[in-house]
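Morning, everyone. I have one model to show today. Let me put it on the screen.

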Amino acid sequence: MCLIQVLSITIYIGGSLVNGAALNGVANSNEIIGVPGKGKLLNVKSYPPIENYQSGLYEVYQEPYYLGINQQAAVAVLVSEEDEGVKGEVVFVQKHPPVGPVFIRGNITGLTPGKHGLHIHQAGDLREGCEKLGGHFNPYLIHHGGPRSSVRHIGDLGNVDAKEDGVGEIVAIDPLMSLSGGPRGIVGRALVVSENEDDLGQAGNANSLVDGNAGKPVACGIIAYIR
Ligand SMILES: *[C@@H]1O[C@H](CO)[C@@H](O)[C@H](O)[C@H]1NC(C)=O
Ligand SMILES: [Zn+2]
């Protein structure tokens with residue numbers, strides 16, 4: 001897979017020249033857009049700039065590569081830290097990797113009623129339970145937010161809201177994460193549900209912009225490909 005991140009770019013592909021200005025022009029609609037290369041298309045996925053924070057980002061890649069086949073669905077099987085009885089299955093589906101939206105669906109049971117933070121963490125190493133998984137998955141090194149914030153970790157899925165029976169249902173669509181490899185890839189990392197509500201970066205204290213004050217993990221599982 002050819003996948004690079006660029007800010008201001010001039011790209012040569014098999015003798016064709018695509019200059020940064022042209023790419024800016026075609027990349028603004030935030031869709032996959034073909035730029036003529038030598039026999040292949042150059043695809044561009046753009047992320048809009050965040051004012052006073054970050055310039056626009058572009059991922060540029062060529063097909064075909066090993067995306068797609070068997071990389072369109074993944075599942076995280078959540079198991080609780082100690083005998084807390086929290087468990088769940090959360091399925092991630094991306095019909096058009098690496099850039100299409102990821103559909104997320106699942107149920108988590110055994111939770112205390114109310115909201116619990118739900119995040120993808122950097123690592124998937126469960127040798128010490130849910131304790132050594134790193135911070136929220138954050139490849140662009142920006143601060144914590146909610147799933148609809150313009151500034152957020154890619155791992156920020158907000159909260160799962162458990163009803164009186166302790167079951168929280170997750171139905172979401174995410175535009176940032178990807179099931180293929182590359183900078184936004186989530187497979188091999190861990191999905192974690194926390195004891196407290198995620199304040200989505202809105203609480204006005206320093207930790208709010210780190211992890212939303214979501215507290216300790218209560219259950220976690222590795223996001224792994226299906227089949
Ligand atoms: C959650 O569980 C309920 C009850 O088993 C089921 O009807 C529902 O479809 C599940 N939701 C998801 C997103 O899997
Ligand atoms: Zn976060």
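The protein has two helices and 14 strands. Those are DSSP runs, numbered from the N terminus: H or I of at least four residues for helices, E of at least two for strands. This is a predicted model, where local features need pLDDT of at least 70, side-chain atom pairs count only at pLDDT 80 or more, and totals for chains, interfaces and linings use all residues. Residues are numbered from 1 along each chain as its sequence is written, with chains lettered from A and ligands numbered from 1 in the order in which they are written.

Burial next. Of the 227 residues, 35% are buried. Buried means 20 or more other C-beta atoms within 10 Å of the residue's own; exposed means 12 or fewer; partly exposed is in between; C-beta atoms are placed from the backbone.

Now the core. The largest nonpolar core holds 31 residues, and L78, L191, V193 and C220 touch the most other members. At least two residues each come from β7 (73-80), β8 (87-93), β9 (102-109), β10, β11, β13 (190-194) and β14 (217-225). By nonpolar core I mean buried Ala, Val, Leu, Ile, Met, Phe, Trp, Tyr and Cys residues joined through C-beta atoms within 7 Å.

Take C220. Beyond four places in sequence, its contacts are L78, L126, C130, L133, A190, L191 and V192. Contact means C-beta atoms, placed from the backbone, within 7 Å.

Last, A123. Where does A123 lie? In the loop between β10 (114-121) and β11 (156-162). A123 is partly exposed, because 14 other C-beta atoms lie within 10 Å. Setting aside neighbours within four places, A123 contacts L133, G134, R189 and A190. The C-alpha atoms of A123 and L133 are 4.7 Å apart, with the two residues 10 apart along the chain.

Technical notes. Contact = placed C-beta atoms within 7 Å.
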